[in-house]
Amino acid sequence: MTQQPNEMIHALSYGAYAARCLQVVADMGVADHIDDEPVPVEKLAAACGADPGMLARVLRLLTAHGVFELRDAGYAHTDASRLLRDDHPMSARPLVRLTGLPVHLDGLARLQHTVTTGQPAVETFEPGGLWAYLHAHPEEAELFNHAMTSKAAADIPTVLDAYDFTPFASIADIGGGRGHLLRAVLDSAPATEGILFDRPVVIDTLGFPDQPRLTLRAGDFFDSVPPADAYVLMHVLHNWDDERAARILASIREAATAGATLLVIENVPDDERPTPAALTMDIIMLALTRGRERTAGELSVLLEGAGFRLTGMTETSGTMRIAEARAV
């Protein structure tokens, strides 16, 4: 049935409560205490340090959204709730816990400040912005990094299935973090050399040195990046406003030869019909950073201003799209 207008407004108004229930359950690790058989709520509550009646009410709402299933013997898993287990190969638990951190919740609560002033909400309680906040809150920063690693683990297989990296002699992963994407790319392209480029604070704390076909380079992508045949920016540009994103692209263009390939891997919404997921992420970036989710048209303009031409858009089986550009 088509949702009535009042039902739509009510659902949107109260949607934060379902999200908060999901965050609480993920934080408490409830899903890890359910395996193949249903578990009584009393047993779940004892394992998680919760009140049985209160936990039951939270789980009951989540079951209405298809997360967990209530049976006579207790709560059982659905395909969705299994993603909240730590041992799931595509676990979403770190990402759900991330959205329940104070920086996210406070940023959401202060969203009106952003809408009225144009300043990220996070800057009302941390003038230095999100990255300064995380630096000052190492426990939250650790969870943030874990969440990004978890998301990458889910996104990387879809990228490798969609795009052939073998034609490139060398690939530089700019802002590549701990190298999960680049190492997977090198496994799929055995003749390709890789350069993992990130800030010194990232590179210096990696648990592995240079490896065959993989070189570690530290630096600032606003200033300069190493030369390569192809460059990858995965979940990087959307963290920055147009001015700073253009500076990153300019640094890459300064290092790239004419004809070099640039791959921007992000949520790239359609210009005419962006998905709700992409639009939601855009609001998250609005509240927490000075970045944004750019449509294909907006990204094309940004690339052209830095000396690149958008030449193609590759779909993946996930939420990511691969925007391919050439240095001109």
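**Reading contacts and rings in a predicted model**

Q: Which residues does aspartate 198 touch, leaving out residues up to four places away in sequence?

A: Contact means heavy atoms within 4.5 Å. Not counting residues up to four places away in sequence, aspartate 198 touches Gly175, Gly176, Gly177, Ile203, Arg217, Ala218 and Gly219. The model is predicted, so local features need pLDDT of at least 70 and side-chain atom pairs pLDDT 80 or more, whereas totals for chains, interfaces and linings use all residues. Residues are numbered from 1 along each chain as its sequence is written, and side-chain values use heavy atoms, without hydrogens and water.

Q: Where does aspartate 198 lie, and is aspartate 198 buried or exposed?

A: Aspartate 198 belongs to strand β4, residues 193–198 (strands are DSSP runs of E, at least two residues, numbered from the N terminus). With a relative accessible area of 9%, aspartate 198 is buried (under 20%; exposed is over 50%; 1.4 Å probe, protein chains only).

Q: How are the rings of phenylalanine 221 and phenylalanine 222 arranged?

A: Rings of Phe, Tyr and Trp (its six-membered ring) pair if their centres lie within 6.5 Å, and planes over 60 degrees apart count as edge-to-face. By this rule there are eight aromatic pairs. In one of them, phenylalanine 221 and phenylalanine 222 have ring centres 5.0 Å apart and planes at 85 degrees, so the pair is edge-to-face. Phenylalanine 221 is buried at 15% relative accessible area, and phenylalanine 222 is buried at 10%.

Q: Which residues form the aromatic cluster that includes Phe221 and Phe222, and which charged end sits over the ring of phenylalanine 222?

A: The cluster consists of Trp131, Phe144, Phe221, Phe222 and Trp240. Over the ring of phenylalanine 222 sits the charged end of arginine 244, 3.8 Å from the ring centre (the rule requires NZ of Lys or CZ of Arg within 6 Å of the centre and within 35 degrees of the ring normal).

Definitions and conventions:
Helices (H or I, at least four residues) and strands (E, at least two) are DSSP runs, numbered from the N terminus. Rings of Phe, Tyr and Trp (its six-membered ring) pair if their centres lie within 6.5 Å; planes under 30 degrees apart count as stacked, over 60 as edge-to-face and the rest as tilted.
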